[in-house]
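Biologist: Hi, could you walk me through this one? I'd like to start with a charged side chain and go on from there.

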Amino acid sequence: MKQAAPDVIPAAGNEAADALTLLTLLNRLDGLAYRAGLGRPADFVSTGSVALCGHRAAWLQGRRDGLHRRLVMAEDWPRVRRALARALAEQGYYRLEYRLRCRDGRIKWVRDSGRALPGGLLEGLLSDLDEQVALRHRLAQAEARYQGLFDNSVIGMFQSTPDGHYLAANQALAEMYGYASTAALMAGLQDIGNRLYVSPGRRDEFKRQIRERGFVSDFESEVYRQDGSTLWIAETAHAVHDLDGELLYYQGTVEDITERKRYQQRLEYQANYDLLTGLPNRHLLAERLAQSRSWLAGQGGQVALAFVDLDNFKVINDSLGHAAGDRLLIDIARRLEAALGSQDTVARYGGDEFVLLLRHRGEPAGLHQALERVLAVVSAPLQLDGHELLVTCSIGVALLAVDGDSLETLLQHADAAMYSAKSRGRSGLCFYNRQLNAAAVERLRLEAALRRALERGEIDVHFQPKVDREGRPLSFEALVRWHSPEFGAISPAVFIPIAEDTGQIEPITEFVLARACRLACAWPRELAVAVNLSPRLFHSGGLCRRVERALALSGLAPHRLELELTEGILMEKNMRAVEQLQALKALGVRLAVDDFGTGYSSLAYLRRFPLDILKVDKSFVGNCRPDASDAILVRAISSLGRELGLTVVAEGVETQAQWDFLRQAGCDEFQGYLFARPLPAEQTHAWLARFPDSVYRSSRRALA
């Protein structure tokens with residue numbers, strides 16, 4: 001049958017195209033779109049009728065008794081007719097749910113949504129509701145089946161009206177809210193929205209989410225108990241409607257999440273605040289800087305980031321103990337807070353370092369005065385464990401939008417300025433200045449970066465092999481390397497002196513020692529590993545204990561560890577070098593003198609110290625020709641080594657001619673680019689695999 005045309009006469013041109021487009025869209029709707037009256041043939045039925053009920057649109061349009069009368073089940077027809085007649089009388093919208101009989105005899109639930117038009121017409125859409133109705137029936141059956149579960153569940157369960165009254169509640173919910181019984185709960189809590197939730201409007205948000213999504217899941221709220229105390233709950237609920245789509249009630253479950261919420265709050269606190277001092281940490285500092293940036297844009301003035309470092313904290317911490325050091329940091333934190341305004345921020349950056357974020361509206365000189373006040377407040381005497389202490393600090397300052405905009409840049413510049421202040425003496429203050437000597441600024445920046453290089457994983461260890469007279473591997477020397485994200489690869493000749501000056505050489509050496517011992521255990525042969533020792537480790541004390549700990553933690557046999565020291569250590573007075581070296585020898589390690597021949601009066605000391613190895617300085621090797629004076633020195637050192645029972649190692653070997661001469665001169669071991677450049681740890685196995693008598697074998701101990 002030919003489909004009836006819509007009652008709108010297609011216009012020419014664009015209007016005709018628009019009408020055709022509209023007709024196409026209607027026919028593509030998921031459901032049956034129609035225009036029809038009651039008791040008369042339909043004006044229009046979309047082709048979606050086939051999918052919905054099996055009838056073709058043209059057949060339905062031809063029914064004289066009307067579209068609805070033909071489809072609606074007889075039992076539902078009186079209700080449907082009344083509702084549609086009311087919509088026609090009121091010229092309003094309608095929304096119905098009812099059953100219709102399909103062409104194949106099946107019964108299907110549908111939703112009928114539309115509006116009444118003048119002239120007794122109804123425009124609407126019939127959509128398939130079978131699955132939803134089946135779901136409701138299943139839910140109803142489940143509710144009936146598990147009524148006992150509702151009553152006896154240990155989880156709070158409820159049904160409540162949209163206006164805030166409980167229709168049902170179980171004992172678990174009553175007890176959760178502090179009521180003796182469900183009857184007491186339902187009688188005592190008549191207005192859920194205003195009497196249950198701590199936060200005003202929380203019930204409205206609950207209803208809004210259900211209205212938009214049909215449910216809420218883990219809806220967290222703080223609520224009052226009967227005695228006025230509070231707890232945190234998580235509600236999971238949905239709306240229940242009748243067959244006409246009218247909202248009947250909400251039903252769901254309630255879980256007490258007070259402990260979980262408190263745990264989350266503790267985690268949030270720990271993520272944003274320093275646990276010792278209670279000050280904001282680096283994470284929260286970044287947020288405060290963003291707020292200060294907005295303040296600066298709106299208010300004008302200055303925002304200063306000040307890096308504060310306590311000058312003599314390490315001495316106090318080492319002498320009085322870490323507990324006293326912690327109490328000192330807490331006291332300093334309170335002093336810093338008292339010295340600043342309410343809009344300023346004091347953050348703990350780590351260790352004995354603090355960061356101040358100051359907002360200043362007045363003259364620039366006022367900012368300087370505020371920071372001078374901080375210096376004075378910190379340096380005031382304080383009592384700690386019966387001791388009167390004088391603590392000073394050095395402050396470096398960088399200005400937001402002047403010296404940088406990001407937190408990282410400002411911290412870097414303030415840190416550099418702080419080191420400039422520290423270099424001028426204690427209790428100093430320095431503003432970052434771009435006009436500072438470029439080399440000095442670079443040095444300060446390197447110092448600042450080096451202080452955090454270890455904790456950021458920027459320090460690594462490479463290994464350069466030492467070989468015997470046949471070129472076979474005997475050991476590796478551990479060489480420290482630093483690759484900074486900011487500066488790139490930095491030569492040891494540049495950063496080692498800085499590390500020596502700042503004291504960073506101690507933790508760096510401990511790191512190299514521990515890593516070298518651990519990696520040596522994974523080599524396929526019992527090769528030795530050599531580690532350079534800084535003179536500062538002899539001054540600081542505890543050197544033997546540090547070496548012993550590294551050996552114990554790694555499992556490396558002591559005879560496989562060589563410790564290299566400079567001639568300066570042997571000749572320096574007041575350092576108890578003999579006692580410390582004897583203690584190291586007692587552990588079973590081997591001791592080497594690095595760069596031998598560059599010092600003065602070295603020969604007089606050789607017999608006093610328990611040495612095993614002499615390393616010929618590479619400056620002699622580089623100029624080593626059979627007829628040169630350096631060659632005479634190399635022969636003399638080799639002869640001296642043999643007389644004293646020491647192993648002589650030549651370093652800096654780069655050519656075959658040098659190696660040939662050094663072997664002829666009596667050197668025992670050799671190191672240099674001729675054999676290999678310093679290798680990353682993961683490449684040492686591959687290098688060893690080149691040698692037949694040290695074939696690379698997989699080790700169970702990872703190079704990590």
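Biologist: Is Arg-99 buried, partly exposed or exposed?
Modeller: This is a predicted model, and in it Arg-99 counts as partly exposed because its relative accessibility is 24%.

Biologist: Which side chain does Arg-99 meet in a salt bridge?
Modeller: That's Asp-76, at 3.0 Å from N to O. Arg-99 is in strand E3 and Asp-76 is in the loop between helix H4 (67-71) and H5, so the pair ties together parts 23 residues apart in sequence. Asp-76 counts as buried, at 7% relative accessibility.

Biologist: Nice. Where does E3 sit in its sheet?
Modeller: The sheet is open, with 5 strands in the order E2-E1-E5-E4-E3 and antiparallel pairing. Strand E3 (93-101) is an edge strand, as is strand E2 (44-45), and each pairs on one side only. Helix H5 (residues 77-90) packs on the sheet and touches E3, E4 and E5.

Biologist: And how many bridges join E4 and E5?
Modeller: There are 8, in the antiparallel sense. A salt bridge also joins the side chains of Lys-108 and Asp-128 (3.4 Å, N to O), with Lys-108 in strand E4 and Asp-128 in strand E5.

Biologist: Last one: how many salt bridges in the whole structure?
Modeller: The search finds 42.

Definitions and conventions. Residues are numbered from 1 along each chain as its sequence is written. This is a predicted model: local features need pLDDT of at least 70, side-chain atom pairs count only at pLDDT 80 or more; totals for chains, interfaces and linings use all residues. Side-chain values use heavy atoms; hydrogens and water are left out. Two strands pair if DSSP finds at least two bridges between them. Helices (H or I, at least four residues) and strands (E, at least two) are DSSP runs, numbered from the N terminus. Contact means heavy atoms within 4.5 Å. Axes are lines fitted to C-alpha atoms, for helices over the stretch in contact, and angles run from 0 to 180 degrees between N-to-C directions. A salt bridge is a side-chain nitrogen of Lys or Arg within 4 Å of a carboxyl oxygen of Asp or Glu. Buried means under 20% relative accessible area, exposed over 50%, partly exposed in between (1.4 Å probe, protein chains only).
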